[in-house]
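I opened the model today to look up a few points. My notes follow in the order in which I checked them.

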Amino acid sequence: MHFASWAQAPKGFTAINQTGGLQSSLGKAAHTIKDISADFSQVKEMKMLQDKVSSKGRFYFKKDDKIRIEYTQPFQYLLVMNAGRITVKDENKTSKINTRNSKTMQSVNRIMMDCMSGNVMNNKDFSVAAFENSSQILLQLTPANAAMKNMFARIDVYIDKSDYTVAKLTMNEAGGDFTQMTFSNKKLNKGITDALFNIR
Amino acid sequence: MRFLIFASILLLLTSCRRELYKHREEITLSQSYTAASFRPHFDKVMYRAVIDGKIGIKKFHFSGLLYIKNQDAGGTRVVFQHEMGQTFFDFGWDQNDSFSVYSIMQQMNQTALIKTLKKDFELLLLKNIPSKPGEVLHFFKNHEEYYVSFPLEKGFGFYVTDRDRNLLRIENGDSKHRVISMKLSPASAHTLSDRIQIDHLNAGFTIDLKKITTDATE
C-alpha cells in the first residue's frame with residue numbers, strides 16, 4: 001500500500017492522516033457484509049464536448065468475489081465477475097472476457113471487488129489518500145504504475161460512514177473526462193442467490 | 001514454367017471477376033449533386049456498437065457506445081466508449097474536414113486500425129469527399145435504386161438511394177471489387193439511420209450500430 005498523506009483535501013473534506021483506524025473499520029464492516037444489492041446511476045462527463053452520457057441499472061455483490069452490474073437504461077448490458085472470471089452479455093451474445101488480455105476490465109474488476117470487500121486501501125496499483133467529512137470517507141486512488149496511468153488519472157471512492165459501503169465511484173481519465181457511478185437503495189445481507197452470477 | 005501457368009490462371013481469374021455494376025445506366029439528373037448534398041444533419045446521436053471479427057483463427061467480439069456530435073464551429077467529434085465509461089477513442093474533424101485523434105487507448109493505437117475507422121466515419125458522415133460527383137449511375141435490375149459515386153483516394157464511395165433519395169447503402173470499392181458495405185435502415189434524407197451495419201469485406205470484421213433514442217436521464 002502507498003499512502004499519500006500529502007494530498008490536498010478536496011472541498012468539504014479534511015485529510016485523515018492516521019489511516020489505521022479507517023482500515024480497521026473498513027475491515028470490520030466488510031466482515032459483516034455478506035451481500036449488497038443496489039440501484040446505480042452512471043454519468044459519463046465529456047469535458048471537451050460539454051456533454052454527458054447517462055445510464056442506470058442494478059448492482060449486486062456477494063462475498064467473496066461475485067459482482068453483477070446490470071445496465072437497463074438506455075441500453076441492455078450485463079457484466080458478471082465471478083471467481084476472477086468476467087462474463088458480459090450485450091444485445092447480441094454472451095462472451096467471456098480474458099482478463100489477462102483486458103487490462104481495463106481486470107483493473108475495474110479488482111477495484112470493484114476491493115471496494116466491496118474493504119481492501120481498497122491495499123491495492124498496490126494505486127497510492128491512496130484518505131479524507132472525511134461528517135457523513136462520508138473519500139479515498140483518492142492515484143495510479144502508481146504506467147499501465148494504470150494509461151487508463152485512469154485518478155479514481156475517487158466515496159464511502160458512507162453509516163455502513164462503510166461505497167456510495168459513489170468516480171473514474172477520472174487523463175483528458176479531464178470522468179465517469180461517475182452513484183449507488184442508491186442499498187440493501188445489505190438480504191441473501192442474494194448465486195444464480196445471479198451465472199449467466200449463459 | 002509452373003509459375004507461368006499459375007500466373008496465367010491467376011490473371012484469367014482476375015480478369016473474369018464479375019463486374020459489380022454491369023447493368024448500370026448513366027442518367028442525367030435535373031440537379032447536380034455534391035457530397036454535401038448527402039451529408040447528414042444532426043446535433044448529436046448515440047449508437048450501441050457491437051464489433052465482431054476474426055484475426056487468424058481467433059474470433060473477437062466486443063461492444064460499447066458510439067457518440068457522434070456536430071459542433072457549433074462546424075466540426076464533428078466521434079467518441080467510442082465502454083459501457084462502463086472508459087474512452088476507447090475520441091476522433092474529430094474540424095470545419096475543413098481535417099482529422100485529429102484526440103485520444104485512443106493503447107491497445108487500439110495502431111495506424112492501420114485508425115485509418116480504417118477514419119475511412120468508415122468519413123464515408124458515413126461524408127467528410128473529405130471531393131465536391132464533384134464522379135458519375136451518376138442507375139441500375140436496370142432494380143429500378144428502385146440509384147447510385148451516386150464520388151472518387152476517393154482509392155476507389156469510389158457509392159451512395160445508394162431509393163427513388164425518394166433515402167439512403168439505403170454506402171459502399172466503397174471500385175467497379176469490380178467491394179471493400180466496405182454499409183447497410184442502412186431506411187432513413188429520410190440528411191438524417192443518420194437508426195441501424196447501420198458496416199461490413200469490412202477484406203479486413204473481416206463488422207460493426208453493428210443501433211441508435212439509442214433515449215438517455216437514462218430523460
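I started with burial in chain B: buried residues make up 26% of its 218 residues. I call a residue buried if 20 or more other C-beta atoms lie within 10 Å of its own, exposed if 12 or fewer, and partly exposed in between, with C-beta atoms placed from the backbone.

This is a predicted model, so I note the limits: local features need pLDDT of at least 70, side-chain atom pairs count only at pLDDT 80 or more, and totals for chains, interfaces and linings use all residues. Residues are numbered from 1 along each chain as its sequence is written, while chains are lettered from A and ligands numbered from 1 in the order in which they are written.

Next, the make-up of chain B. I find three helices and 13 strands. Helices (H or I, at least four residues) and strands (E, at least two) are DSSP runs, numbered from the N terminus. Of the contacts in chain B with a separation of 6 or more, 37% join residues 24 or more positions apart. A contact needs C-beta atoms, placed from the backbone, within 7 Å.

I looked up B:Phe62, which lies in strand E3 (residues 58–70) of chain B. B:Phe62 is partly exposed, because 16 other C-beta atoms lie within 10 Å. B:Leu168 is 106 residues away from B:Phe62 in sequence and 26 Å away in space, C-alpha to C-alpha.

Then confidence. The model scores ipTM 0.87 and pTM 0.86. Chain B has a mean pLDDT (the predictor's confidence in each residue, from 0 to 100) of 82, and 80% of its residues reach 70 or more. The lowest mean in chain B is 50, in helix H1 (residues 2–15), and the highest is 96, in strand E12 (residues 195–200).

I turned to the interface. Here 29 residues of chain A are in contact with 24 residues of chain B. On the chain A side, E4(A) gives the most, with five residues.

Last, strand pairing in chain A (at least two DSSP bridges between two strands). E3(A) and strand E13 (residues 178–188) of chain A pair antiparallel over nine bridges. A:Ile36 stands opposite A:Leu188. Strand E12 (residues 166–172) of chain A also runs antiparallel to E13(A), with five bridges. A:Lys168 has A:Thr182 as its bridge partner. The E12(A)–E13(A) hairpin has five residues between the strands, and A:Gly176 takes a positive phi near 105° there.

Conventions: Two residues are in contact if their C-beta atoms, placed from the backbone, lie within 7 Å.
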